[in-house]
Amino acid sequence: MKAIVVSDLHIGSRYFLRENFMQFLENVPQDIEFILNGDIINNPYAKMNTADQEILNRFGEMSLQQKVVWVRGNHDNGYIPDNLGKIQIKQHHSLEKRLFVTHGDFFDEVMPRSQMFIKAFKMMHDLRVKLGARPIHVAQYAKKWKSFYEYLRKNVMLNAVNYAAANGFEAVTCGHTHFAEEQFVKGIKYLNTGAWTEQPTYYVRVTDNEIMLKNTTASAELLKSHGTDTVKVSSDHHQPSSQALSPHN
């Protein structure tokens, strides 16, 4: 069983690291399952420029040669690519009982309850950019509010871990929080693939023996190698919440 998981490309956004991702995509082997774990596009209603559309077309072309799964996120929910090919579009995905793949918004109890704060926050972010501040993705700017941001990412992580434990999965991977990390909680491995809107960028690699978080900048050849270059992003350990959720596939 071999797979590669990426998330939060936000194709169409000014912050999408297009060249970095194109280089990464060129090195994805054809003998693996390629999983796009949500928020692959930034806005389902916006017109794509030519360069971004070419990447979306490439996904469809890949699906004719290998298994490609597109798991919906909160940004791309409802979106269907023009060149669908044989892409499988799902709400959640699993690799047997080894890995549960879900974008993470389903496990997010924080943002749905904070809409007024988020709206004000985005307005403040837009204003600072207009006043000359260095443009960065709003999620990257949100990391300056450490308490809120840590509460958000822990909420997603702990609810995801609870679901994985309750349903017999060895590991669970999410995106959504734009915070790459790898943790063991309650005996479950939790991996978050971060985002392609800021450096460094990450992906999850699944082999017959391991599930690991990888830094894409280490070497383009790592995708095809069988090395042990796992990136330990965070060493925090958290106690899981007692609340478990039940997503509907």
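I started with handedness: the crossing of helix 1 and helix 2 is left-handed (the near helix is turned anticlockwise from the far one by less than a right angle; clockwise would be right-handed). Helices here are DSSP runs of H or I, at least four residues, and strands are runs of E, at least two, numbered from the N terminus.

The model is predicted: local features need pLDDT of at least 70, side-chain atom pairs count only at pLDDT 80 or more, and totals for chains, interfaces and linings use all residues. Residues are numbered from 1 along each chain as its sequence is written, and side-chain values use heavy atoms, with hydrogens and water left out.

Next, geometry. I read an angle of about 20 degrees between helix 1 and helix 2, with the axes 11 Å apart. Axes are lines fitted to C-alpha atoms over the stretch in contact, and angles run from 0 to 180 degrees between N-to-C directions. Helix 1 and helix 2 are therefore roughly parallel (under 35 degrees).

Which residues meet? R18, F21, M22 and L25 in helix 1 meet A51, D52, I55, R58, F59 and M62 in helix 2 (heavy atoms within 4.5 Å). I sorted the residues of this contact into seven nonpolar, no polar and three charged.

Of its 25 residues, V6, I11, F21, F34 and F59 touch the most other members. Helix 2 gives the largest share, four residues.

How values were computed
A nonpolar core is a set of buried Ala, Val, Leu, Ile, Met, Phe, Trp, Tyr and Cys residues joined through side-chain atoms within 4.5 Å. Buried means under 20% relative accessible area, exposed over 50%, partly exposed in between (1.4 Å probe, protein chains only). Angles under 35 degrees count as roughly parallel, over 145 as roughly antiparallel, 65 to 115 as roughly perpendicular and the rest as oblique. Ala, Val, Leu, Ile, Met, Phe, Trp, Tyr, Cys and Pro count as nonpolar, Asp, Glu, Lys and Arg as charged, and the others, Gly among them, as polar.
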